[in-house]
Structures are given as C-alpha cells and as structure tokens.
Amino acid sequence: MAKFSPQGEALAVRDIHEISSTRLGDPRRAAPNLARYLDRRPEGVNEEWARRELADIKRLIDQD
C-alpha cells in the first residue's frame, strides 16, 4: 500500500470520486474509499468535503 501525506491522500480520494462520478457514471463506487478516508482522517477541510460527498451517495442509495 502506498504511503500518502494527508494532502496526497485527499487528492487521491478526490480523484477516485471524480473518476467514479464522471467516467464510470456511478459516484456510489467511491463510497468505500470515502468511508475509509474518513475513518483515517475524521477532521479537517478535505474531510468535510468527503463527509458531504458520502452523505450524497448515501441519499442516492436510499432512493434506489
């Protein structure tokens, strides 16, 4: 497993979310990565973004 700085890890998670949302057409595919990221880094600016995106994904799942 690669070692990332906090900013590098945030960038990787954002990239995974972007790829899942746009190229794969399903942001729900990023949910496990967002959840793992929040488990490791529960505080901060990037974490607020991840928390919001994960909440949006959960709403999508609940609608299905």
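Which side chain meets that of Arg 28 in a salt bridge at 2.1 Å, N to O? The partner is Asp 64, where a salt bridge means a side-chain nitrogen of Lys or Arg within 4 Å of a carboxyl oxygen of Asp or Glu. Arg 28 lies in the loop between α1 and α2 and Asp 64 in the segment after α3, so the pair ties together parts that are 36 residues apart in sequence. Asp 64 is exposed, at 68% relative accessible area, and Arg 28 is partly exposed at 32% (buried is under 20%, exposed over 50%, partly exposed in between, with a 1.4 Å probe and protein chains only). Arg 28 also forms a salt bridge with Asp 26, at 2.8 Å from N to O.

This is a predicted model, in which local features need pLDDT of at least 70 and side-chain atom pairs count only at pLDDT 80 or more, while totals for chains, interfaces and linings use all residues. Residues are numbered from 1 along each chain as its sequence is written, and side-chain values use heavy atoms, without hydrogens and water.

A further salt bridge joins Arg 40 to Glu 9, with the closest N and O atoms 2.5 Å apart. Because Arg 40 lies in helix α2 and Glu 9 in helix α1 (residues 6–23), this pair links parts that are 31 residues apart in sequence; helices are DSSP runs (H or I, at least four residues) numbered from the N terminus. Glu 9 is buried, at 7% relative accessibility.

The axes of α2 (residues 31–40) and α3 (residues 45–63) come within 10 Å and cross at roughly 140°, the axes being lines fitted to C-alpha atoms over the stretch in contact and the angles running from 0 to 180 degrees between N-to-C directions.

Definitions and conventions:
Helices (H or I, at least four residues) and strands (E, at least two) are DSSP runs, numbered from the N terminus.
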